[in-house]
Amino acid sequence: MKFYDREKELKWLGQTRKVAFENHSQMTVITGRRRIGKTKLILKSCEGTPTVYLFIDRSNEALLCGECARNASTALGIYISPEITSFAGLFETLMEIGRNLAYNLVIDEFQEFFYINPAVYSQIQDIWDRYKDSTHVNLIASGSVYSLIHRVFMDYKEPLYGRCDSTIKLRPFDTDVLKQILLDYKPDYTNDDLLALFTFTGGIPKYIESFMDNGCTDMKSMVDWMMRPNSMFQNEGKALLVQEFGRKYGNYFAILSAIAGGDNTLQKLSRLMGDTSINGHLKRLEEDYELISRKRPIFAKAGTQTVRFEISDLFLRFWFRYFIKYHYLIEVENFERLGEIIKDDYPTYSGLTLEKYFIRKLIESKRFAQIGSWWQTKQSDPCEVDIVAVYSDSPKALVAEVKRQWKNFKPEDFNRKIEILRSKILSGHEIESVCYTLDEM
């Protein structure tokens, strides 16, 4: 699949490189979850300029340095001794080269030094501070383990705190990019094809690439591709989360599985987890790992007890819903049966992600000051509204119901909800009402 999007990020990286090459060294940190396209973006931004790419794998420091020295020698055409046994020694050599040569230095999976030699971070800090102003190195550090990368550069207790000149966090592709990709691979695609791509990938480039490169442009072919023996999709969620959590992933997995299954309130989660300290786990999942979000009715105060938790990553939400729930089918290699379950459940499940699609579209429009949902659980007058969006430039609110098909929309019920909303939170707003369906994608 060709390179899509990332125009803003490429512009930022180009500006930073210009400063590094013409003035003095710059340090950029690029974060983002596994498969989001960090390495592709970095290498794309470095095209046509001298570049040293170092991949840090979890191995012996001396062996790693020898391999990195050889790669750097080849990339720059300058002899660097492969006998260097410490990364600090190699890094100082590379910074010294930057006195006379402007080049990009990419260190991928930067968080792995935690496992190789944690002292590397303070050593890099010392070398960087001594060489930065007299060299022309465009240093780009990236990593897939968000919690560790955030700790290295954003924790004031860590030696590299405050050293990076810019930080880029890669997000999934916007909805317009998904449309462009499908248009390139299937000019006559349907909106249901678009919804399937959004539902199964959440806009993550690597998953999209896997589908497109193998001709999977509709729901059934995408499911069939995921159901192949040894498909990367089947273990992807576990690989991603074990990378973050390490060996102590059991309770986190249990919480995420419960949320994906609909047990998304604190009361339900506490009951399911028994004696486990649920509040601490939820706090870490939300703040340290950014895997879940705490949803409140729009305009609700921060301290409200009316809270629902949801998995922020759409692919992980799908993965827990099916690959974890029906793991026993994978264990006996009954992929065909799991595929049937996903296909049969697709109209219901994709209806839930259709709401997320329209929320993302509204966010991307940049026209709204607040976007969310609203609900009340009073038994006498229960009410739930899919989308409430308040315009940023006028006292006006968009209230939307989301249905896969128009025939499922009930105008009388929706109008009742609007009147409840008007009396509860939107008394001072002009209300624009709409029903979003597949046709509006």
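User: Which residues have the most contacts inside the largest nonpolar core?
Analyst: Phe200 and Phe211 do, in a core of 88 residues. A nonpolar core is a set of buried Ala, Val, Leu, Ile, Met, Phe, Trp, Tyr and Cys residues joined through side-chain atoms within 4.5 Å. Buried means under 20% relative accessible area, exposed over 50%, and partly exposed in between, with a 1.4 Å probe and protein chains only. Helix α18 (residues 335-365) supplies the largest share of this core, 11 residues. Helices are DSSP runs of H or I with at least four residues, strands are E runs with at least two, and both are numbered from the N terminus.

User: What is the origin of the model, and how are residues numbered?
Analyst: The model is predicted; local features need pLDDT of at least 70, side-chain atom pairs count only at pLDDT 80 or more, and totals for chains, interfaces and linings use all residues. Residues are numbered from 1 along each chain as its sequence is written, and side-chain values use heavy atoms, with hydrogens and water left out.

User: What is Phe200 in contact with, leaving aside neighbours within four places in sequence?
Analyst: Its partners include Phe211, Met219, Val223, Phe315, Ile342 and Tyr346, where contact means heavy atoms within 4.5 Å.

User: How do α11 and α18 pack?
Analyst: The axes of helix α11 (residues 219-226) and α18 are 10 Å apart, at an angle of about 150°. Axes are lines fitted to C-alpha atoms, for helices over the stretch in contact, and angles run from 0 to 180 degrees between N-to-C directions. The two helices are therefore roughly antiparallel; that term applies over 145 degrees, roughly parallel under 35, roughly perpendicular from 65 to 115, and oblique to the rest. Met219, Lys220, Val223 and Asp224 of α11 meet Gly339, Ile342, Lys343 and Tyr346 of α18.

User: And α4 with α6, at what angle do they cross?
Analyst: Helix α4 (residues 87-97) and helix α6 (residues 120-131) cross at roughly 20°, and their axes come within 9 Å. They are therefore roughly parallel to each other.

User: Changing topic, which residues of α13 are buried?
Analyst: In helix α13 (residues 250-260), they are Tyr252, Phe253, Ile255, Leu256, Ala258, Ile259 and Ala260. Their cover includes α12 (232-245), α14 (266-273) and β6 (292-295). Gly262 follows α13 and has a positive phi, near 105°.

User: Where is Trp12, and what is its relative accessible area?
Analyst: Trp12 lies in helix α1 (residues 7-22) and is partly exposed, at 43%. Its C-alpha atom is separated by 8.9 Å from that of Ser166, 154 residues apart along the chain.
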